[in-house]
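Below is a briefing on one structure, written for a reader who wants definitions and cut-offs alongside the values. The sequence and coordinates come first, and the notes follow by topic.

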Amino acid sequence: MIDVPSLYPIGLAVAFAAIIIAFFAMFREKEDIHKLIIVDLIEITGLVVIALLATDLAEALILPGLVVGIAEI
C-alpha cells in the first residue's frame with residue numbers, strides 16, 4: 001500500500017512542472033484564444049498547489065477561484 005503523506009511532494013512537483021510548462025506555452029503562443037485557455041490551465045494548477053499546501057487557506061481561496069473560473073466559461 002502507498003503511504004499517503006509521501007504523495008504530497010510528488011503532487012507538488014507535478015503541479016509546479018505543469019505551471020512552468022503552462023507559463024512557457026503562454027509566452028510562445030500567438031493566438032489570443034489559446035492564451036485564454038492556457039490562463040485557465042495556469043489557474044487550475046495554481047489552485048492545485050494551494051490545495052496541496054494548506055487546508056484552511058485552500059478552502060478560503062479555492063471556492064471563490066472555482067466560482068470565478070466557472071463564470072468565465
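Among contacts in the protein chain between residues at least 6 apart in sequence, where contact means heavy atoms within 4.5 Å, 43% join residues at least 24 apart. This is a predicted model, in which local features need pLDDT of at least 70 and side-chain atom pairs count only at pLDDT 80 or more, while totals for chains, interfaces and linings use all residues. Residues are numbered from 1 along each chain as its sequence is written, and side-chain values use heavy atoms, with hydrogens and water left out.

**Confidence**
- The predictor's confidence in each residue, pLDDT, runs from 0 to 100, and the protein chain averages 77, with 70% of the residues scoring at least 70.
- Confidence is lowest in helix H3 (residues 55–72), at a mean of 68, whereas H1 has the highest value, at 84.
- Where pLDDT is low, the predicted coordinates should not be read in detail.

**Fold and surface**
- The protein chain contains three helices and zero strands, and its pattern, read along the sequence, is α-α-α; helices (H or I, at least four residues) and strands (E, at least two) are DSSP runs numbered from the N terminus.
- Of the 73 residues in the protein chain, 18% are buried, where buried means under 20% relative accessible area, exposed means over 50%, and partly exposed lies in between (1.4 Å probe, protein chains only).
- The accessible surface of the protein chain comes to about 5,700 Å², and 76% of that surface belongs to carbon and sulfur atoms; such areas come from the Shrake-Rupley method with a 1.4 Å probe, and for residues only the protein chains shown count as cover.
- Leu-7, Ile-10 and Val-14 form a nonpolar patch on the surface, with about 280 Å² of accessible area together, and Ile-10 is found in helix H1 (residues 7–28).

**Helix H2 and its buried residues**
- The 22 residues of H2 should span 32 Å at 1.5 Å a residue, and the end C-alpha atoms of H2 are 32 Å apart, which agrees; the expected span is 1.5 Å times one less than the number of residues.
- Ile-38, Ile-42, Thr-45, Leu-47 and Val-49 are buried in H2.
- Thr-45, in helix H2 (residues 32–53), counts as buried because its relative accessible area is 8%, and Thr-45 touches Ala-15, Ala-18 and Ile-19 when residues up to four places away in sequence are not counted.

- Ile-50 of helix H2 is partly exposed, with a relative accessible area of 24%, and the C-alpha atoms of Ile-50 and Leu-12 are separated by 9.6 Å, although 38 residues apart along the chain.

Technical notes. Patch = residues over 30% accessible without salt bridge, like charges linked within 9 Å, V, L, I, M, F, W, Y side chains within 5 Å. Salt bridge = Lys/Arg side-chain N within 4 Å of Asp/Glu carboxyl O.
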